[in-house]
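Subject: A structure for you to look at

Hello,

Here is the structure I promised to pass on. Have a look at it first, and then read my notes below.

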Amino acid sequence: MLTVFLATFGIFVLVIFGMSLGYIVKRKSLQGSCGGISSLGMEKVCNCPEPCDARKKRIAQEAQRQQNRIL
């Protein structure tokens, strides 16, 4: 039982080391493979008709920044 655990642990360590080595060599940030929900044309995760208060605040702040850039 211990040998299975050690073998599994060793494989995980090798995989993590390989991924970190690839990151160090390429100097490229890690990213997902599918691009997330934005690639599907969706702006938000939920299908709520009304955005939450935090999202409304972010939208208002972004609109304010855009307006300040124009001026």
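A word on patches before anything else: they are made of residues with over 30% relative accessible area and no salt bridge, where like charges are joined within 9 Å and nonpolar side chains (Val, Leu, Ile, Met, Phe, Trp, Tyr) within 5 Å. Accessible areas come from the Shrake-Rupley method with a 1.4 Å probe, and for residues only the protein chains shown count as cover. A salt bridge here is a side-chain nitrogen of Lys or Arg within 4 Å of a carboxyl oxygen of Asp or Glu.

Please keep in mind that this is a predicted model, in which local features need pLDDT of at least 70 and side-chain atom pairs count only at pLDDT 80 or more, while totals for chains, interfaces and linings use all residues. Residues are numbered from 1 along each chain as its sequence is written, and side-chain values use heavy atoms, with hydrogens and water left out.

The protein chain has two helices and zero strands (DSSP runs numbered from the N terminus: helices are H or I with at least four residues, strands E with at least two). Of its 71 residues, 1% count as buried (under 20% relative accessible area; exposed is over 50%, partly exposed in between, with a 1.4 Å probe and protein chains only). The accessible surface of the chain is about 6,900 Å², and 66% of that belongs to carbon and sulfur atoms.

Helix α1 covers residues 2-26 and reaches 36 Å from its first C-alpha to its last, close to the 36 Å expected (1.5 Å times one less than its number of residues). Just after α1, Arg27 takes a positive phi of about 55°.

On the surface, Leu2, Phe5, Leu6, Phe9 and Val13 form a nonpolar patch with about 530 Å² of accessible area together. The structure also holds one aromatic pair: Phe5 and Phe9 are stacked, 6.3 Å centre to centre with 20° between the planes (ring centres of Phe, Tyr and Trp, its six-membered ring, must lie within 6.5 Å; planes under 30 degrees apart count as stacked, over 60 as edge-to-face, the rest as tilted). Phe5 and Phe9 are four residues apart in helix α1, so about one helical turn separates them. Phe5 counts as exposed because its relative accessibility is 53%.

In helix α2 (residues 53-70), Glu62 and Arg65 lie three residues apart. Glu62 forms a salt bridge with Arg65, their closest N and O atoms being 3.0 Å apart. Glu62 is partly exposed at 33% relative accessibility, and Arg65 is partly exposed at 43%.

Best wishes
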